[in-house]
Amino acid sequence: MRKGEILTQIEDSGLVAVVRAENADQAKRITEAAMKGGAAAMEITYTVPGATEVIRELSAEFGEDLIVGAGTVLDPETARIAILAGAKYVVSPYLDEETARLCNRYQIPYMPGVMTIKDVVKGMECGAEVLKVFPGELMGPKVIKAIKGPIPQANLMPTGGVSIENVGDWIRAGAVAVGAGGSLIGKPEIEGYEKITERARQFMEQIQIARNE
């Protein structure tokens, strides 16, 4: 799958499920539950024990039916390991230029975390076609319009603070997609994994409603 195709699929879906879990098995169960709810992209964070194997197994099992990415990637070494395991995109909480170069070398989308106009411009100059506005809860949906005022060509994906209740506001403000972690996953060991499926469906519904307005 080419870089442009991966980005198009993520943008078409509009939802990236940020998977944080206590172990590999839980991460896979979260992924499967979110898929049932319509989520097409999974960000397996490197806070998950055995994250590389989770990426490898999900990529092998679902192939192009699931866009498996690596999250909380702090350096190019981790990015390369994830890419070789099958990660189709790489997400970082901040911009790391060496990681950007590594991802460009493999033609893998790199989505660095940004907070300022300077971050956005620097990320775009490093080849990042989608920028992760993080942490979103510190700024709210209005930051998307604020950034896209002077830089309308920026493709922004807020993560952190995105919920079913406000996802429509983020999309209407101009976000190309959103990342959702805790608000999507909740506490599956207490609530059950069916809740993840239900919330994923609600996220997808609200995204489509906002896009159709």
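Helices (H or I, at least four residues) and strands (E, at least two) are DSSP runs, numbered from the N terminus. On that basis, Thr 72 is placed in the loop between strand 3 (67-71) and helix 4.

The structure is a predicted model, in which local features need pLDDT of at least 70, side-chain atom pairs count only at pLDDT 80 or more, and totals for chains, interfaces and linings use all residues. Residues are numbered from 1 along each chain as its sequence is written, and side-chain values use heavy atoms, with hydrogens and water left out.

**Backbone features in loops**

Thr 72 has a positive phi, near 55 degrees, and is a residue other than glycine. Gln 107, likewise not a glycine, has a positive phi of about 55 degrees. Gln 107 follows helix 5 and is placed in the loop between helix 5 and strand 5. Its relative accessibility is 45%, so Gln 107 counts as partly exposed (buried is under 20% relative accessible area, exposed over 50%, partly exposed in between, with a 1.4 Å probe and protein chains only). In another loop, between strand 7 (131-133) and helix 7 (142-148), lies Pro 135. A cis peptide bond joins Phe 134 to Pro 135, with omega about -5 degrees.

**Helix 5**

Helix 5 spans residues 97-106, and its buried residues are Thr 99, Ala 100, Leu 102 and Cys 103. These buried residues line one face of the helix, because they fall within an arc of 165 degrees when seen down the axis of helix 5; the arc is that of the directions from the helix axis to the C-beta atoms. The buried residues of helix 5 pack against helix 4 (76-85), strand 4 (89-91) and strand 5 (110-111).

Residues up to four places away in sequence are not counted for Gln 26, Thr 52 or Ser 163.

| Residue | Relative accessibility | Contacts |
|---|---|---|
| Gln 26 | 10% | Ala 21, Pro 188, Glu 189, Tyr 193 |
| Thr 52 | 17% | Tyr 46, Ile 81, Ala 85 |
| Ser 163 | 15% | Ser 183, Phe 203 |

Gln 26 is found in helix 2 (residues 24-36). A polar atom of the Gln 26 side chain lies 2.8 Å from the backbone nitrogen of Glu 22. Thr 52 belongs to helix 3 (residues 51-62). The C-alpha atoms of Thr 52 and Ala 180 are separated by 21 Å, and the two residues are 128 apart along the chain. Ser 163 is placed in the loop between strand 8 (156-158) and helix 8 (167-173).

**The largest pocket**

Rolling a probe the size of a water molecule over the atoms shows where empty space is left. A pocket is an open set of points on a 1 Å grid over the protein atoms alone where a 1.4 Å probe fits, with protein on both sides within 12 Å along at least five of seven lines; lining residues have an atom within 4 Å of a point. The largest pocket holds about 300 Å³ of space, the volume being the space filled by probe spheres set on the points.

Its lining consists of 21 residues, and Val 18, Arg 20, Gly 181, Gly 182 and Ile 185 lie nearest the centre. Helix 2, strand 9 (178-180), helix 9 (182-185) and helix 10 (188-191) each give two or more residues to this lining. Helix 9 gives the most, with three residues. The lining divides into eight nonpolar, nine polar and four charged residues; Ala, Val, Leu, Ile, Met, Phe, Trp, Tyr, Cys and Pro count as nonpolar, Asp, Glu, Lys and Arg as charged, and the others, Gly among them, as polar.

Definitions and conventions: Polar contact = N/O pair within 3.5 Å; in protein donor to acceptor, adjacent residues only side chain to side chain. Contact = heavy atoms within 4.5 Å.
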